[in-house]
Amino acid sequence: MTPPPQRRGEGLVRPYVVTDGRAHPTRNTFDLVTLVLAQPDRPLSGLSPEKRRLMELCLGGPLSVAEIAGHLTLPVSVTKVLLGDLVDSGHILTRAPIPSAQLPEAQILQEVLDGLRARL
């Protein structure tokens, strides 16, 4: 059985309340695919409920900014502000995702294939 849909305004917290009125993060280094890693030795006391939830999510393993925003059901812009605060306080680390390997050129592959065929 699914819960009834929430009515407009019920349980709704405005984004500017979550970010203390800020519209931009303290650093502009977060992509949607930036990976976020929580520092397990940092205390969670004193953090807002949203920041605490973000930390709890990331303690399970690295997540992308897009995944975190989805889990928190917050706009990406709000999530980035929270992430900036947590980076500043040392609660999380971020890193760019590992780039996908560059595919070799078709000519090189053809030369390898020709070489293998010549040996067989």
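Let me start inside the sheet. In strand E2, Leu 63 is the bridge partner of Val 36. Keep that pair on screen. One caution before we go on: this is a predicted model.

Now the strands around that pair. E1 covers residues 35-38, and two bridges join it to E2. Those two strands run antiparallel. On to E3. Four bridges join E1 to E3, again antiparallel. Here, Leu 37 stands opposite Leu 93 in E3.

We have an open sheet of three strands, in the order E2-E1-E3. The pairing is antiparallel. Which strands are at the edge? E2, residues 63-64, and E3, residues 92-95. Each of these pairs on one side only.

Step back to the whole chain. There are five helices and three strands. Along the sequence, the pattern reads α-β-α-β-α-α-β-α. How many residues are in the chain? 120, and buried residues make up 28% of them. Next, contacts. Take those with a separation of 6 or more: 70% of them come from residues 24 or more positions apart. As for the surface, the chain exposes about 8,700 Å². Carbon and sulfur atoms supply 57% of that area.

Back to H2, for the salt bridge. The count comes to one. The partners are Asp 85 and Lys 51, with the closest N and O atoms 3.2 Å apart. Where do the two residues sit? Asp 85 is in helix H4 and Lys 51 is in helix H2. They are 34 residues apart, and the pair links distant parts of the chain. Buried or exposed? Both Asp 85 and Lys 51 are buried.

Next stop, the loop between E1 and H2. Pro 40 is found there. Pro 40 counts as exposed because its relative accessibility is 67%, and the cut-off for exposed is over 50%. Now look from Pro 40 to Met 55. In sequence the two are 15 residues apart. In space they are 8.7 Å apart, C-alpha to C-alpha.

Another loop, another residue to check. Thr 73 is in the loop between helix H3, residues 65-72, and helix H4, residues 76-88. What is its phi? Positive, at about 50 degrees, although Thr 73 is not a glycine. Thr 73 also counts as exposed, at 69% relative accessibility.

To recap. Asp 85 and Lys 51 form a salt bridge, and both are buried. Thr 73 has the positive phi. Thank you.

Key
Residues are numbered from 1 along each chain as its sequence is written. This is a predicted model: local features need pLDDT of at least 70, side-chain atom pairs count only at pLDDT 80 or more; totals for chains, interfaces and linings use all residues. Side-chain values use heavy atoms; hydrogens and water are left out. Two strands pair if DSSP finds at least two bridges between them. Buried means under 20% relative accessible area, exposed over 50%, partly exposed in between (1.4 Å probe, protein chains only). Contact means heavy atoms within 4.5 Å. Accessible areas come from the Shrake-Rupley method with a 1.4 Å probe; for residues, only the protein chains shown count as cover. A salt bridge is a side-chain nitrogen of Lys or Arg within 4 Å of a carboxyl oxygen of Asp or Glu.
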